[in-house]
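Here is a short tour of a helical packing problem, written to be read with the model open beside you. Please keep the viewer at hand as you go.

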Amino acid sequence: MTGENDTPTAPRRGLAEKRQAITRAARRVFGRDGYSRAGIDAIAAEAGVSTRTIYNHFAGKELLFRTVVQESTGQVGNAQLEVIDRHLAKVTDLESDLVALGLAWVGSLTAFSDHFALVRQINAEAAHLPKDLLEAWQAAGPRRAVVELGCRFGGLAHRGLLDAPDPERAAQHFVLLVGSEITQRSYWGAFPLAPAETEELVTTGVRAFLRAYAARPAH
């Protein structure tokens with residue numbers, strides 16, 4: 001016998017699936033065409049829904065873009081927090097653990113290729129996008145991950161492994177030293193570097209970071 005709550009469940013689940021299909025398709029189209037050139041018709045075709053269905057879920061292209069940026073950034077941010085926890089929860093060899101962290105960090109460029117295609121477009125169109133949208137993007141992902149990394153570096157400093165009076169600034173330097181050259185040379189993951197090259201760049205970045213922040217033995 002069907003319960004009294006079973007009937008409304010299926011429509012809600014169908015709506016959720018359609019919404020997810022729309023946001024996935026929109027991320028691909030915005031990542032390919034950018035915000036200005038992307039059209040609702042193209043997103044509807046990619047999602048396999050009508051334009052009316054999109055407008056039933058989102059008031060317009062700007063709201064859809066904001067939603068896609070927030071949700072996509074949140075997913076990548078959550079993955080970065082998991083990477084930080086996995087590699088820094090128990091540090092046994094500081095350099096090796098930081099290299100492993102760096103490799104996992106830059107690995108997100110290929111693991112979340114649709115997201116970083118979107119990031120390329122955001123950077124290209126930043127001057128024409130609302131500033132509050134850019135701030136929300138930073139807060140939901142990049143800034144949140146750096147804050148957490150700074151907290152972990154603060155813990156390492158407390159243990160005497162790092163000399164980092166400003167752990168959050170140290171975290172920003174780590175991300176730049178480990179990832180910026182890879183990001184630039186791969187064009188935010190559009191043309192991934194060879195694994196050996198990636199490992200070399202991450203390793204040299206970590207060693208530069210440690211030259212600046214590794215705790216010195218007391219004399």
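Where is Tyr187 found? Tyr187 sits in the loop between helix H9 (167-185) and helix H10 (195-213). Before going further, a word on the source: this is a predicted model, in which local features need pLDDT of at least 70, side-chain atom pairs count only at pLDDT 80 or more, and totals for chains, interfaces and linings use all residues. Residues are numbered from 1 along each chain as its sequence is written, and side-chain values use heavy atoms, with hydrogens and water left out. Helices here are DSSP runs (H or I, at least four residues), numbered from the N terminus.

Tyr187 has a positive phi of about 55° although it is not a glycine. Trp188 is also found in the loop between H9 and H10, and its phi is near 55°, again a positive value in a residue other than glycine. For context, most residues other than glycine have a negative phi. Tyr187 is exposed, with a relative accessible area of 52%, while Trp188 counts as partly exposed at 31%. The cut-offs are under 20% relative accessible area for buried, over 50% for exposed, and partly exposed in between, with a 1.4 Å probe and protein chains only.

**Two helix pairs**

Two packed helices are described by the angle between their axes and the distance between the axes. Axes are lines fitted to C-alpha atoms over the stretch in contact, and angles run from 0 to 180 degrees between N-to-C directions.

| Helix pair | Angle | Axis distance |
|---|---|---|
| H4 (residues 61-88) and H5 (residues 94-111) | about 165° | 9 Å |
| H8 and H9 | about 115° | 7 Å |

H8 is therefore roughly perpendicular to H9, a label for angles of 65 to 115 degrees. H4 and H5, in turn, are roughly antiparallel to each other, the label for angles over 145 degrees. H4 passes H5 in a right-handed crossing, and H8 passes H9 in a right-handed crossing too; right-handed means that the near helix is turned clockwise from the far one by less than a right angle.

From H8, the contact with H9 involves Val146, Val147, Leu149, Gly150, Phe153 and Gly154. Their partners in H9 include Pro167, Glu168, Ala171 and Phe174. Contact means heavy atoms within 4.5 Å. On the other pair, Gln80, Val83, Ile84, His87 and Leu88 of H4 meet residues of H5, among them Leu98, Leu101 and Trp105.

**Residues worth a click**

Val146 is found in helix H8 (residues 142-158) and counts as buried at 13% relative accessibility. Val146 and Gln172 lie 26 residues apart in sequence and 6.4 Å apart in space, C-alpha to C-alpha. Leaving aside neighbours within four places in sequence, Val146 is in contact with Glu168, Ala171, Gln172 and Val175.

Thr73 is in helix H4 and is buried, with a relative accessible area of 2%. Beyond neighbours within four places in sequence, Thr73 is in contact with His115, Trp137, Ala140, Gly141 and Pro142.

**The core**

Which residues have the most contacts inside the largest nonpolar core? They are Leu64, Leu98 and Phe153, in a core of 58 residues. H4 gives the most to this core, with eight residues. A nonpolar core is a set of buried Ala, Val, Leu, Ile, Met, Phe, Trp, Tyr and Cys residues joined through side-chain atoms within 4.5 Å. Leaving aside neighbours within four places in sequence, Phe153 is in contact with residues including Leu88, Leu98, Leu162 and Phe209.

How values were computed:
Helix = DSSP H or I, 4+ residues; strand = E, 2+ residues; numbered from the N terminus. Parallel < 35°, antiparallel > 145°, perpendicular 65-115°, else oblique.
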